[in-house]
Amino acid sequence: MQPRDVSTNPITVRPVEEERDATTIRKLVERSFGRAVEAQLVDDLRDCGMLVLERVAVVESGTIVGHIAYSRVTGAGAGHRLNITCLAPVCVEPKLQRHGIGAQMIRETIDDLQGMGEDLVLVLGDPNYYPRFGFDAEVAKKVRAPFAGPIFMALPLTQLGREGLPIEVSYATPFQKLG
């Protein structure tokens, strides 16, 4: 597959059709990360009903070239009032990376999450990449979670998501396998 310029070869981001897409998504996630751990995480989150939003990026032919998933994160104490999700994972066909596909999926799905009434999105990732979408490590310092440091970032989507901090959260059980 040749690299595509998203501006001249449009990508469509669509909902996942579980039965039809699951095997293709698994293989794509494995290729993108070079291992099966993240693919198993997606399968486990899907199987236990913890995925809040899952989308794929497709080219004109219908071939899936990207995948993004958000799972439910549970707030404790005052955090129980918040609708919190975790972005994990996002991936793009290795030969097509750095062509804007991942960014398009992130932007579109953040809009979707806002429309769904989500208050806060968490991510564990590259501190040079995710801030362009509004993710902030300083905001994440107000979230007590199993993760910390500059690679743990948060994106408030609502006023409650901005003002309802600090909070404590727990991730879905499949994340515990990541150790």
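Predicted model: local features only at pLDDT ≥ 70, side-chain atom pairs only at ≥ 80, totals over all residues.
Helix α2 covers residues 37-47, and eight of its 11 residues are buried, so the helix is largely enclosed by the rest of the structure. The buried residues are Glu38, Ala39, Leu41, Val42, Asp43, Asp44, Leu45 and Arg46. They pack against four other elements: helix α1 (18-33) and the strands β2 (51-58), β3 (64-76) and β4 (84-92). Just after α2 comes glycine 49, which takes a positive phi of about 75°.

The list of buried residues in α2 includes Glu38, Asp43, Asp44 and Arg46. This leads to the charged pairs. Side chains of opposite charge can pair when their charged atoms come close. In this model the count comes to 13 salt bridges. Three of them are described below.

Arginine 35 and glutamate 38 meet through their side chains in a salt bridge, at 2.5 Å from N to O. Glutamate 38 has a relative accessibility of 11%; because buried means under 20%, glutamate 38 counts as buried. Arginine 35, at 45% relative accessibility, counts as partly exposed.

Another pair sits within helix α1. Arginine 26 and glutamate 30 both lie in this helix, four residues apart, which is about one turn of the helix. Their side chains meet in a salt bridge of 3.3 Å, N to O. Arginine 26 has a relative accessible area of 24% and is partly exposed. Glutamate 30, at 27% relative accessibility, is also partly exposed.

The next pair joins arginine 72 and glutamate 118, whose closest N and O atoms are 2.8 Å apart in a salt bridge. This pair links distant parts of the chain: arginine 72 is in strand β3, while glutamate 118 is in the loop between α3 (101-115) and β5 (120-124), 46 residues apart. Arginine 72 counts as partly exposed at 24% relative accessibility, whereas glutamate 118 counts as buried at 3%.

Some salt bridges also share partners, and these join Arg26, Glu30, Asp43, Arg46 and Glu54 into one network. Asp43 and Arg46 are among the buried residues of α2. Strand β2, one of the elements that the buried residues of α2 pack against, spans residues 51-58.

Terms used. Residues numbered from 1 in each chain as written. Heavy atoms only, no water. Buried < 20%, exposed > 50% of the residue type's maximum accessible area, 1.4 Å probe, protein only. Helix = DSSP H or I, 4+ residues; strand = E, 2+ residues; numbered from the N terminus. Contact = heavy atoms within 4.5 Å. Salt bridge = Lys/Arg side-chain N within 4 Å of Asp/Glu carboxyl O.
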